[in-house]
Amino acid sequence: MDTERIEKRREILESLGSDSESVGALLSYNDSVYEIPPYDTISLPLDDEPHVAVWSEYYDEARDIGAFEALKKHIVQFRFPIREGIDASTEYAAAVRKGQFPESLFDNGLQLERPDQLELYLYPTIAGQVPVLVTHDRHDFESLYRAILHKSNPAPVLPSVGAVIIAGYNNWDRIHRLKDVFRNGMGALYTDAHWSSEFTRIRQTPSLFRDTFILLSDDWYSGVNPDDLGVDGTDWRARSVVIRREHECTHYITRRLFGSMRNNILDELIADAAGLIASEGQFNAESFLHFIGLENYPDYRSGGRLEHYLGDVEQGTAAFDLLKTCVARAARNVESATENRRDSMDAKSLKIRLILTLVQFTLEELAADNADDSIIEVFDSVPDFSV
C-alpha cells in the first residue's frame, strides 16, 4: 500500500481520537490484503473449480438416495462416529491420511438426528458454483462440523457459529479416481511404485484433490433472537439461512477473485452486507451491529462475533475501543451509500457491486467523514457483473 494512502488512513484514525499506539495497531489490523485486478480485465462468472464436477455427481446421487447416504460413500470422515480420541485410532489415521476407507462404517459411523433433512445443492456465484450442505437440526450441524473440522472429536462448537466454509478439504474420493485412471492407462505395467511417483506429482497441484464446500445450519443468524430484531421467528429462521449462505459465498468470492479470505471484521462486514442485501434487499447497519455485539455501541456485548475477529487487538484496550468506533461508523456509511443506490437496481446487482466496491477500502477509510460519498463514487465505477 502506497505511503500517501497510509498517511491518509493514519489521519482518519487520529481524527477519531486515540493514542499513537492504538493507531499503529489499527493500521496493521486494517491493512488491505486484497489483490484487486482492473475489473475490465476479468470475465465473470469464473469457471467452476475442478471439484465442482465431482460434487455435481454427489448431488445426482443425493437426489436418489439422500444427501447423507450419498456423502457417506465419499466423505471419509462420515464413516466414523464422533468420539474422543478417535483420530488416534489406526482405522481413522489410515482413512484420513492414506485414503484407506473402512469396508463398512466404523462403529456405525457418523450419526445424525435428522439425516433425511440434510440438503446438498450447488449454488452459483460470480466466482463459480459452490457445493452447499444445509442441516435443519443444531445437533446435526455440530456433528458435521466436528467430523470435518475437529477430526471427529466432540469439541465444543460456539452457539454463534452456524456456518463455515471448508476450504482445502482433501477429498480421497477424487484421489482414488485419479489412481484408477492412472492404473488403467498403464495397464499391465502398473506397479505401486509407479503410483507413488505419480501421487507425488499430483500433490503439487492441490486443485486436483482439494475441495471447497459450505456447511450451513438454519439457526438464528449469529444467535440473535428474532425478538431482539422485532421480526417473526419463522421468517427470521428462513432469512438466517439466506444470510449465512450469502455470507460464506462472499468469502469464497473474495478468495477466488482477490486471493484472500480472513478472520477480519472488514471481511465480516462485507459478507454480512451481502447476506443482508440478499435477504432483505438492503444493508441495515443496526442489524449488522447486533450480529457482532455492538447493538449498544460504544458498549460491547461479551460473546458477540466481534471478539472472534480481533487478530492481535485485545479487548479492553484503547485499540479495541478504536476498532469499535471504526466498525460502527463504517457500517452506517455503508448503509447510507446503499440506500442511495438500492432503488435503481435489483438486490442481486446491488449485492455484487457492493462486494466489488468494499474490497477497495480499508475499515478506517469506510469509517471516515463523508465515506458514503466515496463508496458511491467507487460503486458507480464498477461494471455490472450480475449474472
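A residue counts as exposed when its relative accessible area is over 50% and as buried when that area is under 20%, with partly exposed in between. The structure described here is a predicted model. Because the relative accessible area of Asn108 is 57%, Asn108 counts as exposed. Asp107 has a relative accessible area of 42% and is therefore partly exposed.

Most residues other than glycine have a negative phi, and most peptide bonds are trans. The phi of Asp107 is positive, near 50°, and that of Asn108 is positive as well, at about 75°. Asp107 lies in the loop between α5 (90-98) and β1 (119-123), and Asn108 is also placed in the loop between α5 and β1. Two cis peptide bonds can be described. One runs from Leu44 to Pro45, with omega near 5°, and Pro45 belongs to the loop between α2 (20-29) and α3 (51-65). Another joins Tyr297 and Pro298, with omega about 15°; Pro298 is in the loop between α12 and α13.

Helix α12 has seven of its eight residues buried, so the rest of the structure largely encloses this helix. The buried residues are Ala285, Ser287, Phe288, Leu289, His290, Phe291 and Ile292. They pack against α9, α10 (233-258), α11 (265-280) and α13 (318-339). After α12 comes Gly293, which has a positive phi near 95°.

The largest nonpolar core holds 77 residues, of which Ile265, Phe283, Phe288 and Leu323 touch the most other members. Helix α13 gives the most to this core, with eleven residues. When residues up to four places away in sequence are not counted, Ile265 touches Tyr29, Phe288, Ile292, Leu306, Tyr309, Leu323, Val327 and Leu363. A second, separate core has 35 residues, including Trp55, Ile86, Leu122 and Val161.

Aromatic rings were examined next. A pair of aromatic rings is described by the distance of the centres and the angle of the planes. The search of the whole structure gives 17 aromatic pairs. One of them is the tilted pair of Phe182 and Trp195, with 5.9 Å centre to centre and 50° between the planes. This pair links distant parts of the chain, since Phe182 is in helix α7 (residues 172-186) and Trp195 in helix α8 (residues 192-202), 13 residues apart. Phe182 and Trp195 are both buried. An edge-to-face pair is formed by Tyr221 and Phe291, at 4.8 Å centre to centre and 80° between the planes. Tyr221 is in the loop between β4 (210-217) and α9 (226-229), whereas Phe291 is in helix α12 (residues 285-292), so the pair ties together parts 70 residues apart in sequence. Tyr221 counts as buried at 5% relative accessibility, and Phe291 is buried with a relative accessible area of 1%.

Ring pairs also join Trp172, Phe182, Tyr190, Trp195 and Phe199 into a cluster. Arg183 lies over the face of Tyr190, 5.7 Å from the ring centre.

Zero disulfides are found in a search of the whole structure. Two cysteines are buried: Cys249 has a relative accessible area of 2%, and Cys326 has one of 0%.

Key. Residues are numbered from 1 along each chain as its sequence is written. This is a predicted model: local features need pLDDT of at least 70, side-chain atom pairs count only at pLDDT 80 or more; totals for chains, interfaces and linings use all residues. Side-chain values use heavy atoms; hydrogens and water are left out. Rings of Phe, Tyr and Trp (its six-membered ring) pair if their centres lie within 6.5 Å; planes under 30 degrees apart count as stacked, over 60 as edge-to-face and the rest as tilted. Helices (H or I, at least four residues) and strands (E, at least two) are DSSP runs, numbered from the N terminus. Buried means under 20% relative accessible area, exposed over 50%, partly exposed in between (1.4 Å probe, protein chains only). A charge sits over a ring if NZ of Lys or CZ of Arg is within 6 Å of the ring centre and within 35 degrees of the ring normal. A disulfide is a pair of cysteine sulfur atoms within 2.5 Å. Contact means heavy atoms within 4.5 Å. A nonpolar core is a set of buried Ala, Val, Leu, Ile, Met, Phe, Trp, Tyr and Cys residues joined through side-chain atoms within 4.5 Å.
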